Amino acid sequence: MMNGVNLMHRLTLSAALPLALIACTSSGEAVAGNEETEAVAAISPVDTLPFQTTVVSKFDEPWAMTFLPDGRALVTERKGKLKLVTLSADGKAAMVDVTGTPEVAYGGQGGLGDVVLSPDFVNDGYVYLSFAEAGEGDTSGAAVARAKLVTANDGAASLNDMQVIWRQEPKVSGKGHYGHRIAFGPDGMMYISSGERQKFDPAQDLEQNLGKVVRLTPTGGIPSDNPMYDQGRIKAQIWSYGHRNPLGLAFDSAGNLWNSEMGPKGGDELNLVKRGANYGYPKVSNGDHYDGRDIPDHSPEDGFVPPKVFWTPVISPGSLMIYNGDLFPAWKNSAFIGALSGQALVRVKLDGENAAKADNWSMEGRIREVEQGPDGAIWLLEDGARGSQGRLLKLTPAK
């Protein structure tokens with residue numbers, strides 16, 4: 001029997017294949033959310049999908065998820081709720097609100113963001129959250145906090161002893177490009193992607209931590225082997241710079257750090273993130289400004305690090321996961337990107353420090369988050385930012 005998602009795909013696409021979606025760009029620098037509705041690269045016919053899709057649950061503007069060691073999951077909703085989800089063997093989900101979440105600056109692209117576990121969660125119980133935090137006047141900025149997750153026998157859950165351990169500096173006006181993905185490396189350090197907040201120049205300004213990937217200890221301290229450790233507190237945080245809106249951050253099995261980020265009008269990127277490297281934005285990009293002004297393309301002579309893969313038309317990458325499970329053995333060490341405007345699951349094949357486009361599967365919905373489950377299944381969260389609830393989808397091999 002065909003599941004509901006695949007049936008919908010067939011009815012929508014059967015009369016329109018082969019299909020390539022046409023660009024639909026906005027004028028002027030995108031206000032919060034607009035750039036996430038841009039054009040899409042060509043997608044694969046539904047009949048070729050190598051997985052089956054199960055709808056597990058629905059959420060109000062979900063943004064991120066992570067699995068606990070016992071198989072339960074934490075899911076963030078942008079308006080500020082954190083859900084503890086219990087997944088049953090029959091494919092159903094029961095959930096409770098986790099109390100003690102931080103107050104968030106909701107609006108535009110802002111709100112509650114990423115959720116990850118401490119590398120030593122089994123012993124220390126720490127959960128890390130990113131969120132948009134209000135500042136003075138009409139300003140805001142991303143922040144990262146950690147707290148202990150406490151669960152009770154009656155199913156209740158709370159975050160205790162919350163402490164903000166990092167902030168974007170300075171807080172600025174606008175509600176876009178927070179970035180704020182979190183990843184722990186094999187070195188035990190915490191890496192945070194920090195968007196340039198649609199302000200362009202901060203990505204190259206080493207006195208601000210906007211438009212950067214920062215590297216900190218699990219408590220928010222600054223490691224002494226950071227590339228600019230002895231050059232002041234802000235510079236000391238910086239691991240790499242010249243980033244625009246980095247909404248994906250993940251390590252591969254060899255310990256390489258990758259990030260996916262939205263380009264401007266064109267030029268979405270997958271980057272291999274190196275210590276002290278400059279990725280060029282806004283001085284270079286494979287896209288252009290929304291008002292039509294040219295941005296020079298990456299070139300061998302420009303002194304900046306080019307992306308390993310880029311997309312024009314864009315896909316609007318909203319997340320990044322690097323697969324190491326056994327359920328899809330052919331995809332080990334592939335990067336999976338959730339596409340927002342692309343409404344697709346995108347696979348990129350990784351080979352050491354090289355990358356190549358592999359697959360682009362239509363999901364008929366804006367994919368905000370991609371996560372690997374304990375059994376190797378691939379889990380997707382739809383964005384749910386256009387008035388409908390975002391579905392939690394489980395992908396398993398096609399029968």
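These are my notebook entries on one chain, taken from a predicted model.

**Entry 1: the whole chain**

I began with the overall composition. The chain has three helices and 24 strands. I then looked up burial and found that buried residues account for 58% of the 399 residues. For the accessible surface I noted a total of about 15,800 Å², with 49% of it belonging to carbon and sulfur atoms. I also looked at contacts between residues at least 6 apart in sequence, and 58% of these join residues at least 24 apart.

Four strands make an open sheet in the order 10-11-12-13, and their pairing is antiparallel. Strand 10 (179-184) and strand 13 (238-241) are the edge strands, each pairing on one side only. From one strand to the next, the twist averages 20°. I followed the pairing of strand 10 with strand 11 (residues 190-194), which is antiparallel and runs over four bridges. Within it, I found Ala 183 opposite Tyr 191 of strand 11.

**Entry 2: strand 14 and Gly 248**

I moved on to strand 14 (residues 245-251), which contains Gly 248. Is Gly 248 buried or exposed? Its relative accessibility is 0%, so Gly 248 counts as buried.

Strand 14 pairs with strand 15 (residues 257-262) in the antiparallel sense, over six bridges. In this pairing, Pro 246 stands opposite Glu 261.

I looked up another open sheet, with four strands in the order 18-19-20-21 and antiparallel pairing. Its edge strands are strand 18 (317-322) and strand 21 (354-362), and each pairs on one side only. The twist here averages 25° from one strand to the next. Strand 20 (residues 344-351) runs antiparallel to strand 21, and eight bridges join them. I found Val 348 opposite Lys 357 of strand 21.

**Entry 3: aromatic rings**

How many aromatic pairs are there? I noted a count of 10, taking rings whose centres lie within 6.5 Å as pairs. Why is the pair of Phe 328 and Trp 331 stacked? The ring centres of Phe 328 and Trp 331 are 4.6 Å apart and the planes are at 10°, so the pair counts as stacked, the cut-off being under 30 degrees. Phe 328 and Trp 331 are both buried. They belong to one aromatic cluster, which is formed by Phe 51, Tyr 323, Phe 328, Trp 331, Phe 336 and Trp 361.

**Entry 4: arginines over rings**

Arg 146 lies over the face of Tyr 126, 3.8 Å from the ring centre. Arg 197 lies over the face of Tyr 178, at 4.1 Å from the ring centre.

Technical notes: Residues are numbered from 1 along each chain as its sequence is written. This is a predicted model: local features need pLDDT of at least 70, side-chain atom pairs count only at pLDDT 80 or more; totals for chains, interfaces and linings use all residues. Side-chain values use heavy atoms; hydrogens and water are left out. Rings of Phe, Tyr and Trp (its six-membered ring) pair if their centres lie within 6.5 Å; planes under 30 degrees apart count as stacked, over 60 as edge-to-face and the rest as tilted. Buried means under 20% relative accessible area, exposed over 50%, partly exposed in between (1.4 Å probe, protein chains only). A charge sits over a ring if NZ of Lys or CZ of Arg is within 6 Å of the ring centre and within 35 degrees of the ring normal. Helices (H or I, at least four residues) and strands (E, at least two) are DSSP runs, numbered from the N terminus. Contact means heavy atoms within 4.5 Å. Accessible areas come from the Shrake-Rupley method with a 1.4 Å probe; for residues, only the protein chains shown count as cover. Two strands pair if DSSP finds at least two bridges between them. Axes are lines fitted to C-alpha atoms, for helices over the stretch in contact, and angles run from 0 to 180 degrees between N-to-C directions.
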